[in-house]
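Trainee: I am new to this structure. Could you show me how to read its features, one at a time?

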Amino acid sequence: MSRHVKMDDKVETDRLDEMVQGLVGKPMDRPEGRLKVSGAAPYAMDALPLKLCHGVLVRGTIPAGRVVGMATAEIERLPGVRAVISDDRLLRHPAQGMAGKAPVQGPREIEYFGQPVALVVAETFEQARHGAQRLALQFEAKHVAPVNPDDKAAKVETPPKKQTSSGDLDKAMRQATSTVNQDYTTPAHASAAMEPHAAVAEWDGKRLTLRGSYQMLAYNRAELADALSIDEADVRILAPYVGGGFGSKLGISHEAVAASIAAKLLGCPVAVSLSRQNVFEMVMRRSETRQHIRLAADEEGRITGIGHEVLVSNLPDEQFSEPVTQATPFVYRGGNRVIGHQIARLHRTCAGSVRAPGEAVGMTALEIAMDELAEAAGLDPVELRLRNIPERDPTQDLPFSSHMLAEALKVGADTFCWRQRSAQPATQRQGEWLVGVGMASAARVNMLIESKARVTLSFNGNAIVETDMTDIGTGTYAVLSQVAGEMLGLPEGVVEARLGDTDFPSASGSGGSFGAASNATAVWLACEEIREQLCKRLECDPKTLTLKDGHAVIGNRRMPLADVLNGTTLVGEGHVEPGQAEEKVRQASYGSYFAEVEVNAVTGETRLRRMTGVFAAGRILNAKTARSQCLGGMIFGIGMALTEELIHDRRDGHIVNRDLAEYHIPVHADVPALDVMLLDERDSWANPLQIKGIGELAICGAAAAVVNAIYNATGVRVRDLPATLDKILPGLPN
Ligand code: MOS
């Protein structure tokens with residue numbers, strides 16, 4: 001019934017190559033695409049029970065301290081208001097996905113401006129919102145509550161496990177022919193998913209069903225059960241459609257706990273939906289970073305030393321710490337290396353995973369520094385990188401599982417016509433626009449997460465895939481249907497993927513770009529199981545069975561699957577787990593970016609003219625959804641380079657730009673036609689299907705290509721992102 005694979009070693013043969021349906025790799029449309037664009041796909045707040053109450057969260061308005069008074073009685077008398085809930089469980093920030101536990105907070109403790117302190121529940125949303133706005137609160141503020149990374153009162157921790165060094169970097173710097181020694185800063189970022197966080201809770205006796213918008217349902221069920229002190233088996237979470245997560249929905253958020261508590265108390269379903277402002281204030285942000293980078297190179301432009309020392313922040317007691325230097329140990333050669341990590345304890349909204357935690361900002365700063373090193377060494381930036389690709393992981397002395405950075409750099413340079421560039425900055429002018437080009441490498445670690453899936457082949461020859469995996473806009477419905485269709489010989493449209501329900505087998509969920517690979521492997525295993533059952537019926541050797549277009553073919557026999565099944569249904573289950581392969585090789589995905597910008601010589605405004613991204617991420621399951629992921633990644637890069645910045649008020653840490661009008665993610669007018677190329681790669685260490693993660697790869701370094709292009713256009717080196725006009729204008733040539 002069930003097949004299991006633990007990834008302890010490389011897998012040389014790829015079974016998908018033996019299949020003949022021709023679905024995998026094709027640019028197949030999303031099966032749920034029509035539902036989504038026509039508004040028919042039910043997101044969290046689109047499938048409400050007929051009778052329900054609405055809850056609106058009330059936020060604290062001090063950075064740290066306690067709530068000492070709450071005038072609940074007055075609010076409870078308002079029309080329609082059913083309850084004002086100030087349960088302590090509302091205050092705790094649910095744990096960060098994958099890496100942490102809830103912070104230790106006493107009753108009524110406030111840790112950041114905007115933290116929810118109460119929930120007003122009423123018969124209509126408007127009544128609840130009215131009550132929430134009128135609820136009078138009294139606070140006792142803490143005297144010392146640092147909110148800025150440069151605040152002298154901020155406690156700065158230097159976790160010993162996160163400091164590593166090898167060789168002698170200081171000496172390498174002294175002996176180098178060319179060096180870079182600079183500070184780079186990136187601001188806090190918001191995930192800015194389109195669908196605001198929302199949850200609808202309903203109890204049936206002791207069993208809770210929560211409809212919400214989350215990325216990792218098995219983990220979310222455990223979190224919610226823990227927050228409510230109930231048994232996991234009594235919680236069901238449904239999230240069939242998720243309007244983007246980008247890390248902010250890895251874990252449950254306040255609305256899930258609040259809706260569940262209220263629904264239990266009132267004995268009716270309760271919906272809690274965050275306003276856009278709530279999302280900005282209450283949901284994980286990416287930490288701002290300060291990165292001190294040192295690079296040393298010899299006369300040939302070979303890197304001899306790398307230093308990458310970073311400062312990030314989070315709330316007191318939170319475990320998550322932006323893993324800025326994740327790619328630094330292995331991306332370039334050089335024996336002398338210092339990696340340092342510090343975390344400032346600040347009273348700002350909890351920091352967590354946002355769009356490629358780590359490399360998104362770490363590779364960006366490193367790749368700006370690499371551009372500076374190329375100039376110092378008098379080398380072409382592409383050539384500098386080619387000369388510094390290591391043979392083996394230089395820190396752990398491990399082989400790479402597969403490595404296509406060199407090819408990505410060469411293909412990208414050719415496609416973009418990189419060699420036509422002028423190496424001298426500020427020399428290309430067209431009217432009032434200064435034109436320049438820049439490039440950067442991409443690198444992102446690759447992961448496999450335990451996943452299970454069930455596949456059912458029914459008597460009429462249709463198949464159903466079931467897993468609690470989510471599709472957060474990434475294309476899961478498409479790719480899992482494709483893998484099952486390929487394995488069972490079923491054409492497009494015949495396999496139905498059912499996702500987003502914790503009653504289905506538990507999978508990795510969506511995060512860290514591990515979803516497609518982990519889940520496709522589980523589905524593949526389930527299908528192998530079904531194929532074996534078919535072989536038993538057909539009394540044939542598994543090697544001789546061909547499945548195509550709903551038919552089984554063995555030698556010169558060809559029969560419809562429905563005839564083989566003869567009124568019965570076959571079920572297979574698959575289960576994949578990571579194993580020792582992770583320790584035997586260094587596994588990552590690579591790519592390159594090339595960008596052309598024009599900067600207005602009068603105003604300093606930057607416009608992106610064109611951008612090419614070349615990526616190698618193992619086997620590509622769906623050329624269309626994979627490309628779409630890369631487009632999204634590169635667009636994040638454009639935002640990070642030019643506009644995105646979460647601004648905290650220096651006095652109390654409140655988020656000033658807490659909506660999509662003031663927090664600037666790129667819109668259509670900011671994004672020219674982007675060129676994405678996917679290289680043909682197989683990684684036999686990744687999983688039996690040789691797939692690697694792709695979504696986040698395309699953001700890791702993307703912003704650097706744009707910032708480096710600004711330098712080439714203007715001669716202005718921006719080291720403090722985003723590169724807004726005020727930072728460019730003073731340095732422009734007259
Ligand atoms: Mo991701 S930032 O692991 O959803």
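Mentor: Start with the lining of the largest cavity: by class it has eight nonpolar, three polar and three charged residues. Ala, Val, Leu, Ile, Met, Phe, Trp, Tyr, Cys and Pro count as nonpolar, Asp, Glu, Lys and Arg as charged, and the others, Gly among them, as polar. This is a predicted model: local features need pLDDT of at least 70, side-chain atom pairs count only at pLDDT 80 or more, and totals for chains, interfaces and linings use all residues. Residues are numbered from 1 along each chain as its sequence is written, and side-chain values use heavy atoms, with hydrogens and water left out.

Trainee: How many cavities does a search of the whole structure find?

Mentor: Rolling a probe the size of a water molecule over the atoms shows where empty space is left. On a 1 Å grid over the protein atoms alone, a cavity is a set of points where a 1.4 Å probe fits but cannot get out, and a pocket is an open set with protein on both sides within 12 Å along at least five of seven lines; lining residues have an atom within 4 Å of a point. Grid points are joined across faces, edges and corners, and a volume is the space filled by probe spheres set on the points. Here the search finds two cavities of 30 Å³ or more. The largest holds about 100 Å³ of space. Among its 14 lining residues, Ala-190, Ser-191, Ala-192, Val-279 and Val-283 lie nearest the centre. Helix α7 (residues 276-282) gives the largest share of that lining, three residues. Helices (H or I, at least four residues) and strands (E, at least two) are DSSP runs, numbered from the N terminus.

Trainee: What is the volume of the second largest pocket?

Mentor: About 1,000 Å³. It is lined by 37 residues, and Pro-323, Thr-325, Gln-326, Val-445 and Arg-586 are the closest to its centre. The lining divides into 17 nonpolar, 15 polar and five charged residues.

Trainee: Where is Gln-326 found?

Mentor: Gln-326 sits in the loop between β18 and β19. Its relative accessible area is 29%, so it is partly exposed. The cut-offs are: buried under 20%, exposed over 50%, partly exposed in between (1.4 Å probe, protein chains only). The C-alpha atoms of Gln-326 and Arg-444 are separated by 8.1 Å, though the two residues are 118 apart along the chain.

Trainee: Which way do β18 and β19 run, parallel or antiparallel?

Mentor: Strands of a sheet pair through backbone hydrogen bonds, either parallel or antiparallel. Two strands pair if DSSP finds at least two bridges between them. β18 and β19 run parallel, joined by ten bridges. Val-310 has His-341 in β19 as its bridge partner. Strand β18 (residues 303-314) is mostly covered, with ten of its twelve residues buried.

Trainee: Which residues of the largest nonpolar core touch the most other members?

Mentor: In soluble globular proteins, nonpolar side chains tend to be buried together. A nonpolar core is a set of buried Ala, Val, Leu, Ile, Met, Phe, Trp, Tyr and Cys residues joined through side-chain atoms within 4.5 Å. In the largest, of 86 residues, the answer is Leu-295, Tyr-593, Met-611 and Phe-615. Helix α8 (residues 359-377) gives the most to this core, ten residues. A second, separate core has 55 residues, including Met-19 and Leu-499.
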